[in-house]
Amino acid sequence: MSGLGTAFGSGAMTNTINELQQMGPNDAIFAIGTNTTECHPIIGIRMLEAHRRGARLIVADPRETELAKHADVYLRHNPGSDVALLNAMMYVILTEGLADEAFIKSRTENFEACRETVLKYSPERVEGITGVPAEKVRQAARLFATAENGATYYTMGITQHTSGVDNVLSVANLAMLTGNLGKPRAGVNPLRGQNNVQGACDMGALPNVYPAYQPVTDPKVREKFEKAWGRKLSDKVGMAISDVLRGIEEGKVRFLYVFGENPMRSDPDVNHVRHCLEKVEFLVVQDIFLTESAAMADVVLPGTTWAEKDGTFSNTERRVQRVRQAVEPRGNARPDWQILRDLIRAMGYPADYSSPEEIFNEIRTVAPSYAGMTYERLEKLGGIHWPCPTEEHPGTPILHVGKFSRGLGRFSAVDWRPPAELPDDEYPLVLTTGRRTAHYHTGTMTRNCWGLDGVAPEEWVEISPEDAADLGIAHGDHVRLTTRRGSVVARAEVTDRVPKGVTFITFHYTESAGNLLTNSALDPVSKTPEYKVCAVRVEKVSA
Amino acid sequence: MIYIDQELCTGCRSCADVCPVDAIVGEFGQPQSVDQELCVMCGQCVQVCSSYASILDEGIAPREQKLAERAMLPSVKEPLFAAYNQGKALKVKEALADPDKYVMVQVAPAVRVAIAEEFGMPLGSLAPGQMAAALRRLGFDRIYSTDFTADLTIMEEGHELIERVTKGGTLPMFTSCCPAWVKYLEQTYPELLPHLSSCKSPQQMAGALFKTYGAKVDKVDPAKVYSVSVMPCTCKDFEANRPEMKASGHQDVDVVITTRELAHLIKDAGIDFASLTEEEYDRPLGLYTGAGTIFGATGGVMEAALRTAYEVITKKPIPELDLEYVRGGEGVRYATVQVGDLELKVCVVSGLKHVAPVLEQVKAGTADFHFMEVMTCPVGCVSGGGQPKALLPKDRICARTARTASTYKHDGELRHRKSHENPDIKKIYKEFLGKPLGEQSHHLLHTTYTPRRRDA
Amino acid sequence: MTASTFVLADPTKCIGCQSCEIACAVAHLGTSITTAGEMEAPFQPRLRVVRTSQVTMPIQCRHCEDAPCANACPVGAIVRQDGVVLVKEEKCIGCKTCVLACPFGAMDVVPALDKGQRVRQPGLKVQTDEGAAPKERYVAHKCDLCIGRPGGPACVEVCLARALVLVKRGTMARSVKSRRTASAMQIARSGVQPAGANR
Amino acid sequence: MCALNAFVVADPNKCIGCKVCEVACAVVHSDVPVKTVGQMTTPIIPRLYLVKTAEVTMPVQCRHCEDAPCANACPVGAITQRDGIIYVDQEACVGCKTCMLACPFGAMEMVPYYRNGERVKQLRLTEETGEGPVLQDAFVASKCDRCIGVEGGPACVANCPKEALRVVRPDELRRTRNLEAALAVLESVKNVIG
């Protein structure tokens, strides 16, 4: 979010998913740090279909994902070496005259600084950092830059690093260098991990902005919201999750309201999270199942599932869509908006919303990018991409056409920095984390689904055949993974999906919670933890 | 003689894999038989055969009948397998029961490292004393050891080698103590027979002495002496029955039984082998040195000969007694030994199937050595066809290793380790034989060989 | 002669999502799974997704014309019915010879279910340190092409990548015919002729 | 879910019919340790049986059926499953032979009962003979126990000179075959696509 905001003026996906269906031989797909076929299977299938129609497919991932298997060029780079890899690709594009000079000249700024930095990163020089043969980097760069349109896709493999913002800036640099913005079948496309995370951000569920990314520090903005809501508002930026946990430790945060989130499984260094949740004076958790976090709460508020809900979801491509209630809520469960409304009322504010649509209409008055959307239009058009400023506006499938949200696209000079924790004698392997198709996040929903849990009932840690042989581990053995934070036991999947020196675990399973292991070191700007790299020791556990 | 029970054989031909002379005849999957003319009676097929008589198989002859066919004692309980050698235990039992017979027994070196296995002791257990005790319980009148005549063999063969090397006899010289090897050479390479040492095997030297010197010592009529031999070997009976083996004026060795058959006799007599206390062998023909006992292992004859030849030629004590370079496992080994001014080159062949290429070299005149030891069985007599038969393939290997180790252990622990230092060897030369290669020796201890080329 | 139809996956399309496994397990479950939460029935799909760095695709029964599983079955529990190779569960003794016989690994032996519930054996007990308890009945388990299911095989229906297809006798015949034609054309065009035919 | 019972099976294309497997089986199941033939005072009583006909040569043994018909047929509960092995409690067996009738493989046999190398006699069962009543020898059901507790696994497998026997773990076998089948499809798809 922070990275793309800096470069383009908007943190959202620039293009749409359906464009994949128009891709052909003149188009290129560059997927970096995204296990698309597993985590976004529908998009993954579209990518493979595009590839079958002739679209070029370049995949960069330390793990040989399903998508990587099909790639024209697969770059298996070391975890945490993304900036070096991307700079090396740009080096090739620059030195081989494949850059889009016209686009750079007319649409961007600060190119020289970026160029100067990139020219330090020849593919040969960074081989030691990335682990990718220089020739492969060259192939990938040429394949991408010579395509008429090149679309870049990424997810947490890019963002969940202490260099997450740098990684995103580099992706943005590459897209601008090749002129791949503001046009179809191109763009920079961060795929959101959850169905409505875009909507939550749009609504200002971030420490520094009001709905529609209007900064809390801007007096004019504050004035607008004070007028709309009839109350005095703070001019201070709020806390990131990591600040909240520190705040609890320091006694500054005494009340915590957790809402559709399971920090006891989703946050890094779970042992530390537990310590904080135990310490906080009053903990309220609102969820649809009694999660590990809810089990620690003073008060649990039962929420509703997707099938019991009404309202809108804003998906990864900024498309606002209606969600309609299918069944009545079970037991004491209530829709989130009702719980929140009653809470606001109890706190003395006269909230009198009677339906989600009423709330949506209020959103339209304060969030300019939603202003032109009505339930009727959403219904009729099957969803609208924001920004949609007026009721006559068709919505904006592609951002930055002709002009970036911030005016000129801004190049950044980005140097590679190593991850916060690297392997050493005590913890000799790299641990990286991610998801599997069958399960979603902390498994709160999916592990309660018979079929989904049926195909993936337990954790299988991926370990390379070489490392397994060194450690005397056979496929199916139980292994213990230990980091400086904690230790979990899981089955070993001996597979060359991971390279030598790298192990992989998910964070779906309570029995072997991956986030007991992960490092809570943060990106200095986005405050995103480095889930994707830490040092680990693996041992066979005798049965 | 070696036979294959047609009722039991499944035709797996595992025996053919170990037969060094391709004497196993038959189609795969069909019962096999032995080409007796080719067969050298090494008994390796007996050792490897795993096709046993099952109690669940109602279509085969009753056990009693099979025991009789094999001339086995009726009291034997052990399972029966398709490949077997015709036994002589019944004859021995008969002789022991005959008051008119003065029964002398010799036991070969390799028997003492294996016999205890048949009584539940670990593979390769060393039990010379218990064996002597058991033989005495069985009623043998004199308990002698082939190890003594092994020492004697060294005296004769060592001098023969020195003479051939120094006076220009046929070289290289071959050892002649393995009867299967001798038969093989007679039938396959008769033109090389002059290379064989003229020395009889230790068994036959003992046989010739039992009914001459031995009878004299005991003051018995040689005609009443019944000479029994206990061997790890299924070919020794063939050797004993060679027509020329009558130097004493009688059949030198009357009957040969195997290690396994001795165990049958001991069990038949109800002797609890494991609880016997150790006893000595009788003198003079039972006292032996380490050099004599290592005849049981491959390279042992060579090592024993070198220990003596070195000292006879150089008149100096040999600096190192354990000649590791001639020891080893299956295959061919070469070594060069500095004996005074002579650079003596030797060759050791363990396992008869490895000998043909070496013999081809000898025939071609390209063999660069003076002296060759050949043992038919894989690692020498300890792995002989008459030894206790391991039930599992891996134990067959373990047994070989353990028996070899015990053989060298025994050598290391004996008071004398060089044949020429055996006091009773010195004595017999003084009292009876004169000197090595002398006239009496020539008559009693040396022999000749017969080509037996099969007509095409 | 009626050649069997079968389901086959295209490894170039499959993304390994295992939706087919879930669809299969659900289709054969006999009870509803629409409510989340605790459910006792074991998860027993009749096809399995292979997922390695070389290949990703589900494997299921080919309904072989000379089904080795059926030919190996000592109790005649595997039969063909309308071209579908089926397990007669009531006859199966769980001997696993069919597992040994199947070259595809398409045969499994799993706990037998009656209305989603496991069934106990009359005699065989499992002896553990905690004592003896009746063993559950196990039966051979394989693809039955969702015989009797209105929408046809559930795996094919659910596959979003369209990686699974029902290969029918007609499909095969057409493909074989077109390959024969192509082969003939190739020989004709390349001028390859038998020796001596050049007159 | 616990794994399916493993079993031993022979490859008729490799088997030469030497019966080493039978001997090895009897050796490891002897309650008196035996190394050499001479140490054996009992007959060789194996738990797998060489079949040798014009068409086939291979030993046959128990499949450790999941629904073991032998066990389900046993009237005294002498056959149970322990650690994935269908196991005969020979002390409990009454020698009724129902298990032999039930087993479709002929893997069950009724054999003389030996303990410490000696035949076990019946408690009271006598046979009327000309010389009066004679106490009878005991017989028991006998079958493959996959060498439970034997170091190095089943003796037949470990000792076969032709490596014709192997332990089949059905789950592993299925996975391996699945993979091979998938690779074969991939190969043919590649060939067709070119």
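This is a predicted model: local features need pLDDT of at least 70, side-chain atom pairs count only at pLDDT 80 or more; totals for chains, interfaces and linings use all residues.
**First stop: two helices in chain A**

Select helix 5 (residues 82–95) and helix 11 (residues 164–177) of chain A. Their axes lie 9 Å apart and meet at an angle of about 15 degrees. Angles under 35 degrees count as roughly parallel, so helix 5 of chain A is roughly parallel to helix 11 of chain A. The crossing of helix 5 of chain A with helix 11 of chain A is left-handed.

Now show the side chains where the two helices touch. Helix 5 of chain A brings Asp82(A), Val83(A), Leu86(A), Asn87(A), Met89(A), Met90(A) and Ile93(A). Facing them from helix 11 of chain A are Asp166(A), Asn167(A), Ser170(A), Val171(A), Asn173(A), Leu174(A) and Leu177(A). By class, the residues of this contact are 8 nonpolar, 4 polar and 2 charged.

**Second stop: the two domains of chain B**

Move to chain B and colour domain 1 (1–86) and domain 2 (142–168 + 197–318 + 380–445) separately. The C-alpha centres of these two domains of chain B are 29 Å apart. Where they touch, domain 1 of chain B gives 13 residues and domain 2 of chain B gives 11. On the domain 1 side, select helix 2 (residues 44–48) of chain B, which supplies the largest share, 3 residues. That side of domain 1 has 8 nonpolar, 5 polar and no charged residues.

Conventions. Residues are numbered from 1 along each chain as its sequence is written. Chains are lettered from A and ligands numbered from 1 in the order in which they are written. Axes are lines fitted to C-alpha atoms, for helices over the stretch in contact, and angles run from 0 to 180 degrees between N-to-C directions. Helices (H or I, at least four residues) and strands (E, at least two) are DSSP runs, numbered from the N terminus. Angles under 35 degrees count as roughly parallel, over 145 as roughly antiparallel, 65 to 115 as roughly perpendicular and the rest as oblique. A crossing is left-handed if the near helix is turned anticlockwise from the far one by less than a right angle, and right-handed if clockwise. Two residues are in contact if their C-beta atoms, placed from the backbone, lie within 7 Å. Ala, Val, Leu, Ile, Met, Phe, Trp, Tyr, Cys and Pro count as nonpolar, Asp, Glu, Lys and Arg as charged, and the others, Gly among them, as polar. Domain bounds come from an automatic or database domain assignment.
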